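Colleague: I've got this model open and I'd like to know what stands behind the labels. Can you take me through a few?

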Amino acid sequence: MNRLTLTLGLLMLLRGVFAAENSSVYSEAMLTVAERTNYERTSSLQEVVDVLDALNAQTELMHRETLLVTEQGREVPLVVLADPPVTTPEQAFQSNSLVVYIQANIHGGEVEGKEASLIAMRDILFGDKQHLLQNQILIFVPVYNADGNDTMDLNTRPNQDLSPAITGIRTANGYDLNRDGMIVEALETKALFEKVINRWDPDLLVDLHTTNGTWHGYSLTYAPAYHTAGEAPPTDYTAFEMLPEIQAAVREKFDLEFSWYGGFDYRDWPPKELRTYSHAPRYLTNNMGLRNRMAILSETFSHDPFYKRVHAANVFIEEILEYTYIFGPDIRAINLSADVAVRNSAIGQEKGVQFDMVPLPEPLDLLSYKYIPFEKEDGNIDFVRSSELVVTEGVQNYNAFIPSLTSRVPASYIFNGDFTFLKDKLEEHGIKVNILQADVTYTGEVFVVSEMDKSNFQLNGHENTLLDGEFQSAKRTFSRGDFIVSLNNRLAYLIFYLLEPQADDGLVFWNLFDDYFAEALAADNPVEYPLFKVY
Ligand SMILES: [Zn+2]
């Protein structure tokens, strides 16, 4: 026997060993571009599709749909993994399984969730995570913002330590897709609501990002859907049961530190406060809170090298799914009882329409890089960051919100039959709008506008509108053909947030009524907000 046959014999023996340990050996085509290039490159949309094709070729458990065709003509894939396979939401509902939806790359330059979700799919279909499909249905969109992902260039994410050097850009055709949860203007958002949220009704949404620069000391930071007007239990369960369990599991199994999302001011060293971003439901994770569903925002640490960020994102995805694998029935029960609670008791509640960020009762021990003060030549004090990781105890954790302005949830909102644009907008959210079948006179409330302000900066091309004024009792007659929206509805708090005149992220804010207000102001009468509230 020469050396070559000996080597071949050994290889075949080893192959047998591997095949016995894993149920299958991965083919090279199942590796991500990141893995194949030693983490020097990230995938284009086509390269993601190539991996999905390679996975699909070896399994019966994958169902594929097209989420949308983007403005630039790219087909965005949506993948459903289930065992036994499902091809329709009806099959999913009948199976009574938990539905988890995981999306990556909504900001096209934040690339590791894309690679990590492909690796997770591979582990789940062929590797050591096959049990995760026993009782749950998993929907993946690895490239949510395909136009942003494929607009690849050098230096688009310099704070990612240029690893990979070439990435996509944040926006899709100039539009930030994670600010579109209320006005729903982008094709991606319309497709998300139509093809995922309203169709598959996921119990949990996971949105995978990368941070923008804070030098905390964690591999990954997270946030639940923040409390606004919605039911508390789905958010409280995510924040205080699920995420702490996952945090502990990740520490124990992988020696990684994950924690709450936020930034701190190093010029006030040592840090006293960790502050998160925003409660606003234009962010997709927060939007889920108004729908009585759970959501997790995931932010890998931008200053870690690419391979570490992919690892952290992959660990997070797989540990979330290990958790939902065990506690799926609890999660479903909490969500469905929130549906019942909203349907039965939203009407008449006093709920927030504007919010303040407040600390959680429990302060945290913040892991971060250490900053050292120095005196500049002009005599001012500045800070230089060291490479030492330190823990600051007792940091106020601003990861909660309380109302700063409230309003009362009506039994219905009624509006003129000419406002078909409003009916269409509500229907995009999955909200049912009814048509009055006869003329009816209602006693209720109208909001009389005293002041209309515009924000002095632009959000996705909008100069947002803010109203001042007051509700007044009134009697109004509406005609056959006018529209009525009932809040005896599991989406009551979403309807409320969209339609309240002073909501800080509602349809007024997003300029949907600007033309109406301009006309009314020109007529010089008292200006009434065109939605009538009935109790
Ligand atoms: Zn992001």
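Colleague: What makes you say that helix 3 and helix 5 meet?

Modeller: Val48, Val51 and Leu55 in helix 3 meet Lys114, Leu118, Met121, Arg122 and Leu125 in helix 5. Contact here takes C-beta atoms, placed from the backbone, within 7 Å. The residues of that contact divide into six nonpolar, no polar and two charged, with Val, Leu and Met counting as nonpolar and Lys and Arg as charged. Mind you, this is a predicted model, where local features need pLDDT of at least 70, side-chain atom pairs count only at pLDDT 80 or more, and totals for chains, interfaces and linings use all residues. Residues are numbered from 1 along each chain as its sequence is written.

Colleague: Why is helix 3 called roughly parallel to helix 5?

Modeller: Helix 3 (residues 45-56) and helix 5 (residues 112-126) pack at an angle of about 5°, with axes 11 Å apart. Angles under 35 degrees count as roughly parallel, so helix 3 is roughly parallel to helix 5.

Colleague: How do you know that helix 12 is mostly covered?

Modeller: Eight of the eight residues in helix 12 (residues 492-499) are buried, among them Tyr493, Phe496 and Leu499. Buried takes 20 or more other C-beta atoms within 10 Å of the residue's own. The buried residues of helix 12 pack against helix 10 (306-345) and helix 11 (420-428), and also against strands, including strand 12 (350-358).

Colleague: And which residue ranges make up domain 1 and domain 2?

Modeller: The domain assignment gives 31-345 for domain 1 and 408-534 for domain 2. Between them, 23 residues of domain 1 are in contact with 20 residues of domain 2.

Terms used
Buried ≥ 20, exposed ≤ 12 C-beta atoms within 10 Å, placed from the backbone. Helix = DSSP H or I, 4+ residues; strand = E, 2+ residues; numbered from the N terminus. Contact = placed C-beta atoms within 7 Å. Domains from an automatic or database assignment. Axes fitted to C-alpha atoms, helices over the stretch in contact; angles between N-to-C directions. Parallel < 35°, antiparallel > 145°, perpendicular 65-115°, else oblique.
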